[in-house]
Amino acid sequence: MRGRDVVALVALGFVLEVLAGLWPVAGRLFDPLLAIAVLAALPGRTGTAFAVALVTGLLADGWSSRWIGEQALAHLLIAYPLALLGRRVDLLVPLPALLAFLVATPASWAIGLAVGRLFDAPAGAGVGPLTWAAAAAVNGLFGMLLWHVLRRRDRLAPA
Amino acid sequence: MTERRLGLLFAVTCLALLALIAAQVRRPDGSTALSRAARAVVAPLVGGVLGAARGVGGILDHYVTLVGARAERDRLARELAAAQARLARTRELELENLRLRTALGLARTTVFERAVVAEVIARPEHGPYRHAVIVDRGRADGVGPDWVVLDRGAVAGRVVRAERRRAEVLLLLDPDSGIAVRHREGRFTGILRGTGGTEARLARLDYVPRDQQVLAGDVLVTSGLDGIYPPGLLVGTVRRVRGDSPLTWTIDVEVAFDPASLETVLLLPPVGAVRGGDTDGAGEDDR
């Protein structure tokens, strides 16, 4: 994945994030910036994964997060280990990629809850497993869509 | 960038993000982690400064308190000494009061119950006594020889002769009079006799040992040793102390009663008569 591809994906993700925020339900479930961070980590390039995760996270924080740094931390904690894993395991094949996209959103929410618990902050509105599953499915589909597009254009290559 | 450096950067970035989040977390009291962290850093310094200040203040406070306590202790010691002196004096007075109460109690229960009020009706110009008066009570009233005569609480004399409706009273000022007295402070005793002179209200107490402390103004009371006068009755005060003899004092005493104004007097039975059960006590004449 080239640098321009990364920039374009990040820009696309930010635009979608803003647009999804206009509709509360979509804004709650859809997290395109996280999907792009995961997509950037799949090839196993830790540097790229680190940078993309930090940028997408900060963008998400600036748009909708309660604390600056919360989404950035979540994106980093997901993308960087995933990139490390991608150096050893081929995550560019469909199933591992799908698993990565499905797991990313619940992992991000879990990290958010953990951070809130860590700082003894008041908990937000509780969400049920169906919401978690729906969010995982939405972002998984979006991620796999991006993966498919890039794969077809041969823009995804392992490190 | 090597993988190791990138891993380190990852860790540092995560910590920095956590710190950034912590700085924004607002507690219910409105404080943020940043302000709390600042307080956590500054508080020990401020606490140390305040503690030192409090320590110095405490030392000064204790010093001032100690100085004040020392002055307070001295003052209390003085007050305690004075109080102890007053207590000793009070105990003496209490003992004296007990003695007087005992004496007066005896008088009240015996002598004063039989007291008779009489009026002075005459002052004999001629007779065996220089200082005597006639009262309007006699044997018919139970009055007899040696009955004690009081004038407003002070001893005036004693009955020397009783008739049916009158009695003759020998006053203390007469040279033939004698009354056993006691120095109220020194507790020594003696016989007070009238001088018979022209000087008003003067009697004399002879043969007082020189080792006795006697001052003008000291009070003499009846001792009760003569068996006539109840003890503790006021007799007079010391007017002058004279050293006519190398071994004894001669004391001029101003009697407490006023012979010039004798009108109504109180007659009491003699102590000896009461103690002996002689309730009548009347006789024709004993002197």
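The accessible surface of chain A amounts to about 7700 Å², and 69% of this area belongs to carbon and sulfur atoms. These values, like those that follow, refer to a predicted model. Chain A comprises 159 residues, of which 48% are buried. Its secondary structure consists of seven helices and zero strands, so that the order of elements from the N terminus reads α-α-α-α-α-α-α. When contacts in chain A between residues at least 6 apart in sequence are considered, 72% of them join residues at least 24 apart.

The packing of two of these helices was examined in detail. Helix H3 of chain A spans residues 32-41 and helix H4 of chain A spans residues 46-64; their axes come within 8 Å and cross at roughly 175 degrees. Because angles over 145 degrees count as roughly antiparallel, H3(A) and H4(A) are classed as roughly antiparallel to each other. On the side of H3(A), the contact is formed by A:Leu33, A:Ile36, A:Ala37, A:Ala40 and A:Ala41, while H4(A) contributes A:Thr48, A:Ala49, A:Val52, A:Ala53, A:Thr56, A:Leu59 and A:Ala60. Sorted by class, the residues of this contact are ten nonpolar and two polar, with no charged residues.

Nonpolar side chains were then considered across both chains. In soluble globular proteins, such side chains tend to be buried together. The largest nonpolar core in the model contains 52 residues, and A:Val38, A:Leu39, A:Leu42, A:Phe101 and A:Trp147 have the most contacts inside it. At least two residues of this core are supplied by each of H1 (3-21), H3, H4, H5 (70-88), H6 (94-118) and H7 (129-152) of chain A, and likewise by helix H1 (3-24) of chain B. H5(A) provides the largest share, with nine residues. For A:Val38, residues up to four places away in sequence being left aside, the contacts are with A:Ile78, A:Leu82, A:Ala100, A:Phe101 and A:Ala104. Another core, of 42 residues, lies apart from the largest one; among its members are B:Leu173, B:Leu205, B:Leu220 and B:Leu233.

B:Ala162 belongs to strand E4 of chain B, which covers residues 154-162. Its relative accessibility is 0%, and B:Ala162 therefore counts as buried, the cut-off for this class being under 20%. Along the chain, B:Ala162 and B:Val143 are 19 residues apart, whereas a distance of 6.8 Å separates their C-alpha atoms.

Methods: Residues numbered from 1 in each chain as written. Chains lettered and ligands numbered in written order. Predicted model: local features only at pLDDT ≥ 70, side-chain atom pairs only at ≥ 80, totals over all residues. Heavy atoms only, no water. Axes fitted to C-alpha atoms, helices over the stretch in contact; angles between N-to-C directions. Helix = DSSP H or I, 4+ residues; strand = E, 2+ residues; numbered from the N terminus. Parallel < 35°, antiparallel > 145°, perpendicular 65-115°, else oblique. Contact = heavy atoms within 4.5 Å. Nonpolar A, V, L, I, M, F, W, Y, C, P; charged D, E, K, R; others polar. Core = buried A, V, L, I, M, F, W, Y, C linked by side-chain atoms within 4.5 Å. Buried < 20%, exposed > 50% of the residue type's maximum accessible area, 1.4 Å probe, protein only. Areas by Shrake-Rupley, 256 points an atom, 1.4 Å probe, with all protein chains shown as cover.
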